[in-house]
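Subject: Handover of a structure and notes on its contents

Dear colleague,

Please find below the structure that I am passing on to you.

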Amino acid sequence: MGRVTTDPGHLKQLRLAKDAMDRDWAEPLDLDAVAAHAGYSRHHFIRVFKAAYGDTPGRYLSRRRIERAEEMLRTANLSVTEICTLVGFTSLGTFSARFKRATGLSPSEYRARHVGRGAALIPGCYAMLWAGGFPNSPAAPATPDVPDAPDAPAGSGHRDSGEAG
């Protein structure tokens with residue numbers, strides 16, 4: 001097996017993948033696709049990323065998601081389950097276990113300890129919209145819900161006639 005190097009050319013390649021993780025942390029990220037950003041195979045990418053940044057890509061991404069969850073628990077009036085989903089975890093159990101390992105507190109304990117030390121919580125509806133909307137729900141139409149809206153895409157909920165649906 002060859003030696004893992006972190007010369008400037010390799011670091012530039014790795015930075016592309018790291019930037020993708022930083023940008024798309026809430027999305028389900030496929031390690032093969034992230035590795036492709038750096039131009040590496042999956043296994044080589046893990047080795048090179050760890051050599052450069054001191055952690056595996058999976059742990060790095062998990063840490064970024066936990067950081068965002070901490071912020072949301074302190075500032076948004078959302079349930080732990082909603083926050084779990086918004087930050088990119090698909091399992092509440094995995095989220096809670098990783099959160100506790102990283103912070104020493106469960107998400108609920110963390111919220112209880114940190115809420116009330118600053119400004120009021122952001123209403124959940126605003127937090128959800130800021131985070132990109134509700135998962136697995138149709139996107140809000142780009143035009144007002146008016147019959148005859150010329151820009152309304154097909155199937156967007158706009159009616160072409162006054163009939164009740």
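In this predicted model, helix α4 (residues 57–75) and helix α7 (residues 107–114) have axes that come within 8 Å and cross at roughly 50°. Axes here are lines fitted to C-alpha atoms, for helices over the stretch in contact, with angles running from 0 to 180 degrees between N-to-C directions. That angle makes α4 oblique to α7; angles under 35 degrees count as roughly parallel, over 145 as roughly antiparallel, 65 to 115 as roughly perpendicular and the rest as oblique. The crossing of α4 and α7 is right-handed (the near helix is turned clockwise from the far one by less than a right angle). From α4, the residues Glu70, Met72, Leu73 and Arg74 meet Pro107, Tyr110, Arg111 and His114 of α7, where contact means heavy atoms within 4.5 Å. By class, four nonpolar, one polar and three charged residues form the contact of α4 with α7 (Ala, Val, Leu, Ile, Met, Phe, Trp, Tyr, Cys and Pro count as nonpolar, Asp, Glu, Lys and Arg as charged, and the others, Gly among them, as polar).

The largest nonpolar core has 30 residues, and Phe45, Ile83, Val87, Phe95 and Phe99 have the most contacts inside it. Such a core is a set of buried Ala, Val, Leu, Ile, Met, Phe, Trp, Tyr and Cys residues joined through side-chain atoms within 4.5 Å; buried means under 20% relative accessible area, with a 1.4 Å probe and protein chains only. Helix α4 gives the most to this core, with six residues. Leaving aside residues up to four places away in sequence, Phe95 touches Ile66, Ala69, Val80, Ile83, Cys84, Val87, Phe89 and Pro107.

Overall, the protein chain has eight helices and two strands (DSSP runs of H or I with at least four residues, and of E with at least two, numbered from the N terminus). Of its 165 residues, 29% are buried.

Residues are numbered from 1 along each chain as its sequence is written, and side-chain values use heavy atoms, leaving out hydrogens and water. Local features need pLDDT of at least 70 and side-chain atom pairs count only at pLDDT 80 or more, while totals for chains, interfaces and linings use all residues.

With kind regards

Definitions and conventions:
Buried < 20%, exposed > 50% of the residue type's maximum accessible area, 1.4 Å probe, protein only.
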